Amino acid sequence: MVQHLTRKLLSGMALPGIALAAMLGTVAVPVQANAATLHMAWSQDATGLDPHKQTAFSSLRLLELIYEPLVRVDASLQIVPAIATSWQFSQDGKELTFKLDPKAKYHNGAAVTSADVKASFERIPDEKTGAAARANFLSIASIDTPDPVTVVFHLSQPDVPILTAMSDVNAAIVPAGEITAGSVGTKAIGSGPFKLDKWDPNAREVLSANKDWAGGATGVDGIEISVLPDETAILAAMRTKQIEFALLNDPLVATLVPQEASLQLNRVPVLAYHVLQLNPSRKPMTELKVRQAISCAIDRQEVLDTASLGEGKVTGPLTIPSLATDPSQLFCYKRDVEKAKQLMSEAGYADGFSATVIGATGEPPTAAAEAQVIQSQLAEIGVKLDIKMMELNVYVDAWLKGDFDMAIALNGGRADPYTMYNRYWTKAGNLQKVANYIDDTLDSQMQQGRTETDPAKRKAIFAEFEKHLAEVSPWIWLYTSYSYTAQQKNIAGFVPTPTGTLFSLSKVTIQQ
Amino acid sequence: MTYLLRRLAVFPLVLIGVSIVVFVAIRMVPGDAITAMLGTEAGLLTPAQREALSVYFGIDQPWFVQYGRWLAGLLHGNLGISSTYGKPVLEIILERFPLTLELALLSMLIALVVGVPAGVFAATHNEKFSGLGVRVAAMIGQSTPNFVLALLIIYTLSAGFGVLPAMGEFSPLWQDPLRNLGQLILPAITLGFAFAASVTRISRSAMLDVLSDDYVRTARSKGVSARGVIWRHALPNALIPVVTLSGIEFGYLLGGAVIVEQIYALPGLGRLVLDAILQRDYALVQGAVLFIAFNFMIVNLLVDLAYVALDPRIRLGEQ
Amino acid sequence: MRMLRAIFAHPSGRIGGFIVGLYLLLAVLGLLGLTPHNPLMQYRVDRLHAPDGTYWMGTDLFGRDVASRLMMGIGQSFTVAFFSVAFAALAGTVLGLAAAWFGRRWDGIVMRVMDVLLAFPAILLALLIVAVAGPGTWTSIVAIAIVYTPIFTRVVRGPALSLKAREFVDAARTFGSSSSYILTRHLLLNLVAPLTVQITLALAWALLTEAGLSFLGLGTQPPAASLGLMLSDSRNLMETAPWLMIFPGLAIMISILGFNLLGDALRDIFDPRMRRAIA
């Protein structure tokens with residue numbers, strides 16, 4: 001038997017060689033792009049389909065193609081129509097009225113009605129739903145639906161930022177029937193430009209055009225999204241034209257795209273910010289002067305240049321272009337080691353101190369590099385940093401408990417500063433336990449900003465807020481980076497926006 | 001027969017051990033399905049919201065209650081429902097398994113086809129330069145981390161030759177054999193590289209052992225040609241350790257190849273478990289690890305049986 | 001001393017011994033900080049500098065000297081590899097001997113526990129251990145040690161069982177030697193060969209496992225360097241700065257080559273049949 005096996009083994013040896021050559025031959029054939037299907041790739045997949053529950057970047061990007069909110073923000077962060085064609089605040093700012101688009105239809109053909117809007121906005125604040133965006137809609141006192149295309153929100157207090165919050169896919173309108181049936185997260189019935197035909201988590205999504213979409217015809221018949229966990233592999237797949245459009249996170253990979261003649265890199269500054277969060281409830285970060293010394297000792301430009309290859313812009317707390325202050329006006333945005341040392345000795349820490357900084361592995365991809373540059377910069381004023389990189393969920397767990405001395409983070413931005421920061425820098429903020437710093441000035445500035453309807457006055461309020469925040473330095477804001485998409489040059493019509501949305505894929509076409 | 005039964009009787013014991021270890025370990029890791037879904041936004045949840053989500057994910061009970069429930073389900077052939085896929089765990093695993101099995105088989109094929117002749121060559125050219133060359137090549141093969149090899153292959157092919165296997169959608173063997181093999185051949189080479197190197201090394205040393213045995217010398221002195229001695233007499237006996245090694249290695253490969261699957265974007269078992277761990281999909285982690293452990297034990301049993309079949313000197317049941 | 005001479009008499013032992021010796025020297029220098037540059041110093045004007053007279057192996061993303069970091073990395077990787085294999089070998093030997101010597105019940109318990117560990121996919125087992133305990137040098141060591149303990153247990157148990165059955169142990173027993181004496185003297189002597197070979201092979205695996213853990217971000221913590229971490233950090237810079245991958249890659253390969261050659265030589269030296277074949 002043994003000998004038989006051996007002979008078989010040996011006689012089989014010539015064959016695989018030929019087979020191997022044949023197979024590699026098939027490898028050489030690039031997959032022909034179906035003219036009307038966009039082949040897309042990203043490295044991290046969506047985590048779920050319920051638009052009210054998802055907060056992960058990829059989930060939002062996917063769901064924005066499937067669901068629609070009442071309004072959207074465009075590339076310049078202005079509010080534009082979506083399901084609602086028009087909207088109006090009452091004089092006292094406590095009543096917000098929307099007119100819905102009568103053409104708006106769900107993927108199953110049913111019309112989007114005011115009843116769906118009411119049901120959706122009752123579902124989000126319901127604690128049983130577990131919607132993370134709930135906090136943004138607590139000022140809704142009641143909702144009236146005088147007719148199928150009119151919705152009136154009655155607010156308990158003037159709330160200007162609520163309109164921006166409503167532009168998020170976390171405030172998407174879902175069919176009232178699906179809510180009652182409890183099937184929102186499973187069936188993915190929305191009114192957006194694409195419908196989800198197939199989802200194989202961590203592997204791929206297949207989307208097809210929604211022919212009834214109120215926004216008009218889409219440029220492609222469908223989108224196939226593949227999850228390629230390694231971004232180097234995404235770039236390789238783009239080189240061989242298998243992938244036409246991709247989302248990239250790592251600047252080290254993104255910066256290689258322009259070197260390819262057939263590829264184009266789209267980059268747009270985003271609202272999210274890289275930050276070194278200090279924990280002001282822990283010694284010695286309890287001391288204002290210590291925090292300020294850290295701020296003065298860090299060369300933000302150098303962190304950006306090293307960790308992100310200079311791909312980004314140094315920023316203060318406000319990342320919204322129309323509101324942001326020139327960072328050079330902010331406290332210690334020019335590195336000043338002498339001043340830092342002096343502040344340290346005034347605080348009684350002339351000899352420095354030791355602390356641990358936590359970061360999440362690969363989230364963002366630059367985290368470990370940022371930590372190492374900061375570590376070496378802070379060493380110059382005697383602060384000895386210990387770096388602890390953790391798996392994302394372990395990090396999140398520690399972060400939520402406020403269990404860290406310092407943390408490297410990439411925190412999400414919003415189109416409105418109140419929505420963006422009320423969680424951290426108000427007395428009632430849900431994430432006060434993470435921020436661990438609040439003073440009366442910050443709290444009152446936030447409250448003023450929330451109710452002020454005059455844009456110029458609002459801008460002034462937030463400018464003061466930003467200046468104050470940079471000065472008390474609970475966190476060290478570092479820089480904003482770019483959101484990257486890479487595409488074949490024959491893809492036309494994609495408009496990158498600071499929110500990172502891929503909504504304009506609805507108008508993208510493939511040129512022959 | 002009794003030996004086989006005794007071996008099989010141990011299976012449930014080991015599986016229960018594995019399930020308890022994985023059950024406790026995965027729950028000791030900080031973070032849960034809620035933080036996996038929401039990230040830092042989970043901090044915006046009120047206690048009531050958190051409670052509602054815990055019930056939704058089935059993690060509101062103490063761990064032993066959860067374990068009891070899970071074990072009860074297991075006895076009914078139910079491995080639970082995955083929180084990320086919203087499907088029965090067993091269904092997901094069985095969807096992923098054919099790829100892993102095929103990849104493991106292909107890698108083993110490559111390893112044996114390359115490794116055994118190379119090993120024989122190295123053994124018969126033991127004191128020569130060419131033999132040393134094969135050995136050094138094998139050692140380099142064994143010492144290259146597979147992620148380095150995978151990245152080099154992808155980079156060379158895509159940047160140098162403009163070709164790459166179809167990434168993204170994976171075609172099962174029965175749907176599109178050609179495309180399927182195209183997708184799996186590079187990962188199989190990546191995995192088979194180190195595997196072939198081990199096979200080369202072990203078959204060389206086994207061959208050397210056998211060649212020095214008395215009966216081979218006898219055969220030789222009786223005038224059997226050198227080639228005849230090697231292929232007919234020595235190799236069959238030298239195959240025993242090769243079978244053992246290949247079997248064990250194959251058993252490992254059936255557990256999925258996390259890093260290679262990650263780079264080549266293959267939906268195999270390794271990535272399934274890794275993603276399930278990262279997303280704290282407890283039911284899926286438990287089910288998949290149990291499935292992998294079970295396969296591993298089966299393969300080990302088969303290796304032992306093959307061992308016995310190949311070497312009549314070993315008697316079943318003897319310890 | 002006799003051992004060393006035997007190794008140097010063997011052709012692959014000579015090369016293997018030389019390589020391992022060289023690495024040990026580099027590791028010690030790296031651990032003591034006797035490197036061309038400070039491996040942690042960031043020369044930021046010289047970021048991603050190609051190899052030249054000042055930076056023999058170039059600099060990394062931070063402008064740190066790759067050659068110096070390589071020495072530091074060898075120190076770190078060898079520390080992890082040596083300690084983890086030492087623990088695994090020790091635990092495996094004790095457990096394997098216990099299983100073989102005390103027989104039946106002990107054997108059953110020990111081997112079932114080893115089966116549980118063995119049935120776990122290795123990298124996932126290491127991953128779970130690191131995730132529970134938090135990353136760090138010692139966690140990596142313990143994780144890798146646990147993963148490899150069952151292999152050593154098996155390696156020891158087999159020969160121990162057959163030796164136990166052989167007459168000379170019986171003979172020693174009838175002559176009244178205490179059982180612990182029999183254990184240490186006869187069994188251990190006969191286990192040296194398989195153990196030594198297994199240890200050199202396991203050192204190579206341990207280096208690779210550490211590299212795998214680092215690839216998943218769970219190994220050595222920055223700014224320290226290990227060969228695996230340097231290699232996995234280099235992957236997205238492979239095209240921009242190939243030297244970041246080449247040198248640590250070569251370093252891993254050559255070190256494993258060294259261990260393997262040494263292992264081969266040791267096996268030849270210990271294996272009486274081989275000795276006869278050579279003679």
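Biologist: In which helix of chain B is Leu13(B) found?

Modeller: This is a predicted model, so read every value as computed. Leu13(B) sits in helix α1 of chain B, residues 2–28.

Biologist: Is Leu13(B) buried, partly exposed or exposed?

Modeller: Count neighbours. A residue is buried with 20 or more other C-beta atoms within 10 Å, and exposed with 12 or fewer. Leu13(B) has 13 C-beta neighbours inside 10 Å, so Leu13(B) counts as partly exposed.

Biologist: Into which domains is chain B divided?

Modeller: Domain 1 covers 2–75 and domain 2 covers 90–310. Their C-alpha centres lie 33 Å apart. The contact takes 14 residues from domain 1 and 13 residues from domain 2.

Biologist: Which elements of domain 1 give two or more residues to the side that touches domain 2?

Modeller: In chain B, α1 and α2 (33–38) do. The largest share, 9 residues, comes from α1(B). By class, this side of domain 1 has 10 nonpolar, 2 polar and 2 charged residues.

Biologist: Now the chains. How many residues of chain C are in contact with chain B?

Modeller: On chain C, 31 residues are in contact with 35 residues of chain B. Helices of chain C that each supply at least two residues to this side include α4 (104–119), α8 (179–215) and α10 (243–270).

Biologist: Which helix of chain C gives the most?

Modeller: That is α5(C), with 7 residues. The side of chain C that touches chain B has 23 nonpolar, 3 polar and 5 charged residues.

How values were computed: Residues numbered from 1 in each chain as written. Chains lettered and ligands numbered in written order. Predicted model: local features only at pLDDT ≥ 70, side-chain atom pairs only at ≥ 80, totals over all residues. Contact = placed C-beta atoms within 7 Å. Helix = DSSP H or I, 4+ residues; strand = E, 2+ residues; numbered from the N terminus. Nonpolar A, V, L, I, M, F, W, Y, C, P; charged D, E, K, R; others polar. Domains from an automatic or database assignment.
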